[in-house]
Amino acid sequence: MAEPVTRQVSGCAGRVLSSSGSNTERGQPLAADVAELPVLDASGRRVTFGALFQERRAVVVFVRHFLCYVCKEYVEDLAKIPKSALREADVTLIVIGQSSYHHIEPFCKLTGYSHEIYVDPEREIYKRLGMKRGEEISSSGNNIHFVHRDRNRLDHKPINSVLQLVGVQPVNFMSRPTVIHV
């Protein structure tokens, strides 16, 4: 398995990153005006976007919306990532949707997703980052190391590719439960 990403590996819009220079080995800082924007948790509690990964490494996945079938399937696969594998790599998995916080709990029940999840109900982060669809970001300490922008609704980055970038063991998404017929 490849070493975790420690530098910017993909170009991204200037709106995501700070205009101040940075050491590419540490990534590029998230623009302060974006870091200060709020997201809401399942209880409606406000948290600044930048605080989600200021003190830890994280993979942040923005989904189009909770009613998107492709996004639902992607989050169902994200739900299969063992918490132990993330803990071992010291990485947090975060999903952010465009909805009311009231929709978080039903969406998690529907998908089986039990990692961190927030919403950007006013779509301010989406707008400031210039997102039209979805996006995956690998970040730590308010520095962005990797960005993938979906070109269409089917262009999500393969989950195991994202996991490899942050040093998490790949997940076998093809395993099916054993069915015994009697």
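Modeller: Gladly! The protein chain has six helices and eight strands, in the order β-α-β-β-β-α-α-β-α-β-α-β-β-α along the sequence. This is a predicted model, in which local features need pLDDT of at least 70 and side-chain atom pairs count only at pLDDT 80 or more, while totals for chains, interfaces and linings use all residues. Residues are numbered from 1 along each chain as its sequence is written, and side-chain values use heavy atoms, with hydrogens and water left out.

Colleague: What makes a stretch count as a helix or a strand here?

Modeller: Both are DSSP runs numbered from the N terminus: helices are H or I with at least four residues, and strands are E with at least two. Helix 1 covers residues 32–35, and strand 4 covers residues 57–62.

Colleague: What makes Asp41 and Arg45 a salt bridge?

Modeller: The term requires a side-chain nitrogen of Lys or Arg within 4 Å of a carboxyl oxygen of Asp or Glu. For Arg45 and Asp41 the N to O distance is 3.1 Å, so the pair qualifies. The structure holds eight salt bridges.

Colleague: Which parts does the salt bridge between Arg128 and Asp33 tie together?

Modeller: The closest N and O atoms of Arg128 and Asp33 are 3.6 Å apart. Arg128 lies in helix 5 (residues 124–128) and Asp33 in helix 1, so their pairing links parts 95 residues apart in sequence. Arg128 has 30% relative accessibility and is therefore partly exposed; Asp33, with 45%, is partly exposed.

Colleague: How do you know that Arg128 forms a salt bridge with Glu124?

Modeller: Their closest N and O atoms are 4.0 Å apart, and the pair is listed as a salt bridge. Arg128 and Glu124 both sit in helix 5, four residues apart, about one turn of the helix. Salt bridges with shared partners join Asp33, Glu124, Lys127 and Arg128 into one network.

Colleague: Why are strand 5 and strand 6 called a pair?

Modeller: Two strands pair if DSSP finds at least two bridges between them. Four bridges join strand 5 (residues 91–97) to strand 6 (residues 116–119), so these parallel strands pass. Gly97 stands opposite Val119 in strand 6.

Colleague: What makes the crossover from strand 5 to strand 6 right-handed?

Modeller: With the strands pointing away from the viewer, the path from the first strand over the helix to the second must run clockwise. The chain crosses from strand 5 through helix 4 (residues 104–111) to strand 6, and this β-α-β crossover is right-handed.

Colleague: How many bridges join strand 4 and strand 5, and in which sense do they pair?

Modeller: Strand 4 and strand 5 pair over six bridges in the parallel sense. Ala58 stands opposite Thr92 in strand 5.

Definitions and conventions: Buried means under 20% relative accessible area, exposed over 50%, partly exposed in between (1.4 Å probe, protein chains only).
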